[in-house]
Amino acid sequence: MSVLAAARDLVGEMTATPTGQSSVSVYETGRLVSLSPWLTLHAERIRYLLDAEHQRGGWGGPGGYGLVPTLSATEGLLAALRRGDLAEVPALRRDAVAAVDRGLSVLGERLAVVPASDLPDMPAIDLIVPALVEALTVHLDAMRDDPVAGLERWRVAPRLPLPPGMAPTRLARVRAALASGHPLPDKLMHALEVTGPAACRAAGVVPVGPGTVGASPAATAAWLGVPDATTSTARAYLEGVVRQHGGPVPCTSPISVFERSWVLSTLSRAGVPLTVPPLVLASLLDTLGPAGTATAPGLPVDADTTSVTLYALARAGHPVDPSSLWSFDTGEHFCTWPKEDGASITTNAHVLDAFGWHWRHTGERSRQLASVVRRLTTWLADRQAPEGSWSSDRWHASPYYATGCAVLALHGYGVGAAVEPVVRRAVHWVLAGQHPDGSWGRWGGTAEETAYALQVLLAAGSTSSDQCAEAVARGWRWLTTMAVSDGEPALWHDKDLYRPSLIVRAAVLGVTWWGRRWVGPEPVEAATSPRSAMIRIA
């Protein structure tokens, strides 16, 4: 299949799947096993957790990325064992006992030695870890008098500690606020399950959209408790999500706004000539309000999704005034949402895309737009690491994603003398990081990270230079021989690492199309410029 045909199929698939496509989550699935044993496909969720366990015990990604999923899977399986959910399935029960035993051992080793400062910047991690350590402590204390067969040694084992430097203080404040009837910030709805029993039908918390609380199966399950006639929409949401993946669930659902805006902006920037279905365009336009847009119903509006949606619409020929972004302006940078802890490289790169496009293409050369483009250029440039990368971001595990976002924004819309040397350092860093087989990746070569590295070289590298041309050719040929499948590692940050499948495929297809002008066997089918091309509207 040609690249263009594959891109058209991707857009068709995206249009036909209104909730979006995301990989399943060990963390979120473990919460449903613990909270909702009544829910359809309960045994399939347990089997998924058992199959997802690493050979030596534990779940999740490398290093600190494994802590939250290991806590959730271990607690969920132990809750199922203590309830007797597997009493009539001896083989499954035996596997669950062994997995819990290994999980507790792994946690005992990791929690005591991995400081909180070394954990990845994942949403609500400072709430999730204390909540799950507490839940496991409750189980282990109860097992002193009511042991689980096969886990007797844990009756007298030391209780699990919190990571050094982590305290349950913030969790206690959130729980106290909910119990007293104070409204929680919208961003905390996504992790409502950490509040424990207080989450169940909490005052002021109402399912929205398709019946979700915080766009999270776990948060919705915690709010729902045992369903009754008054909770039909929340139950229907959960039933739909678990059926979509045969039992296990993703961290966030739906993700349609996020998915559609990222896919369209990625393909358009790469110059892929596509026709956007009017339904997709209308869905993005409808979500934009005076305050911006959110990734999904139940989540707060955020600058990241808002700016990418604005950029996608602009490149599709329907520019919308970007004034909704001003509410995220801190005076120095743009926050993902108000009162954000820290700052995101990729959010600010996307804001530069949105403002920069508007400033360059609409003729609105206002002093305010010029000022913010200069300010964001400087802010991004100042946060480049000495070796040339933007090495960390709160929404992705790979420095290739953050570096790709920053370089595309700076090369496309940055202003001032700082841009050229900053982009040049990034290109050199990418060239130095290529693996012998032609790929790129933090923990090994992946199609997704290779696509981001090629974006940098194709946008800003001098493909007339021998080194850059050779790197592009090797990377492009490696990428075109790889099938982007469910075997690709999850690299995106939520409560657990996840993979937004169509967004990753769009990145790969985009650079495959874009790179053909340098290494492809035939000319590009349509005259396109990655900087100026638009996706056409049907």
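**Salt bridges and cavities in a predicted model**

Colleague: Which side chains meet in the salt bridge at 3.5 Å, N to O?

Modeller: Those of Arg 235 and Glu 239. Bear in mind that this is a predicted model.

Colleague: OK. Where do Arg 235 and Glu 239 lie?

Modeller: Both are in helix α9, residues 232-244. They sit four residues apart, about one turn of the helix.

Colleague: And Glu 239, buried or exposed?

Modeller: Glu 239 has a relative accessibility of 10%, so it counts as buried, the cut-off being under 20%. Arg 235 is at 35%, which makes it partly exposed. Elsewhere, salt bridges with shared partners join Glu 28, Glu 193 and Lys 495 into one network.

Colleague: How many salt bridges does the count come to?

Modeller: The count is 22. One of them pairs the side chains of Arg 505 and Glu 13, at 3.2 Å from N to O. That pair links distant parts of the chain: Arg 505 belongs to helix α19 and Glu 13 to helix α1 (residues 3-16), 492 residues apart.

Colleague: How accessible is Arg 505?

Modeller: Arg 505 is partly exposed, with a relative accessible area of 23%. Glu 13 is partly exposed too, at 28%.

Colleague: Switching topic to voids. How many cavities of 30 Å³ or more does the structure hold?

Modeller: Four. The largest cavity has about 270 Å³ of space in it, and 22 residues line it. Nearest its centre are Thr 266, Arg 269, His 350, Leu 408 and Gln 455. The elements giving two or more residues to that lining are α10 (256-269), α12 (303-315), α13 (345-361), α15 (399-413), α17 (447-460) and α19 (501-519).

Colleague: Which of those gives the largest share of the lining?

Modeller: That's α19, with five residues.

Colleague: And how do the lining residues of the largest cavity divide between nonpolar, polar and charged?

Modeller: There are 13 nonpolar, seven polar and two charged residues.

Colleague: What volume does the second largest cavity have?

Modeller: About 60 Å³. Its lining is made of Leu 310, Tyr 311, Ala 314, Pro 319, Val 320, Pro 322, Ala 354, Trp 357 and His 358. By class, eight of these are nonpolar, one is polar and none is charged.

Colleague: Which helices each supply at least two residues there?

Modeller: α12 and α13.

Colleague: α12 keeps turning up. How far does α12 reach from its first C-alpha to its last?

Modeller: It reaches 18 Å over 13 residues, close to the 18 Å expected at 1.5 Å a residue.

Colleague: Is α12 enclosed or open, and how many of its residues are buried?

Modeller: 13 of the 13 are buried, so α12 is largely enclosed by the rest of the structure.

Colleague: What happens at the start of α12?

Modeller: A side-chain oxygen of Asp 302 comes within 3.0 Å of the backbone nitrogen of Asp 304.

Colleague: And what's just after α12?

Modeller: Gly 317, which takes a positive phi of about 90 degrees.

Technical notes. Residues are numbered from 1 along each chain as its sequence is written. This is a predicted model: local features need pLDDT of at least 70, side-chain atom pairs count only at pLDDT 80 or more; totals for chains, interfaces and linings use all residues. Side-chain values use heavy atoms; hydrogens and water are left out. On a 1 Å grid over the protein atoms alone, a cavity is a set of points where a 1.4 Å probe fits but cannot get out, and a pocket is an open set with protein on both sides within 12 Å along at least five of seven lines; lining residues have an atom within 4 Å of a point. Grid points are joined across faces, edges and corners, and a volume is the space filled by probe spheres set on the points. Ala, Val, Leu, Ile, Met, Phe, Trp, Tyr, Cys and Pro count as nonpolar, Asp, Glu, Lys and Arg as charged, and the others, Gly among them, as polar. The expected span of a helix is 1.5 Å times one less than its number of residues. Buried means under 20% relative accessible area, exposed over 50%, partly exposed in between (1.4 Å probe, protein chains only). A polar contact is a pair of N or O atoms within 3.5 Å; within protein, one must be able to donate a hydrogen and the other to accept it, and residues adjacent in sequence count only if both atoms are side-chain atoms. A salt bridge is a side-chain nitrogen of Lys or Arg within 4 Å of a carboxyl oxygen of Asp or Glu.
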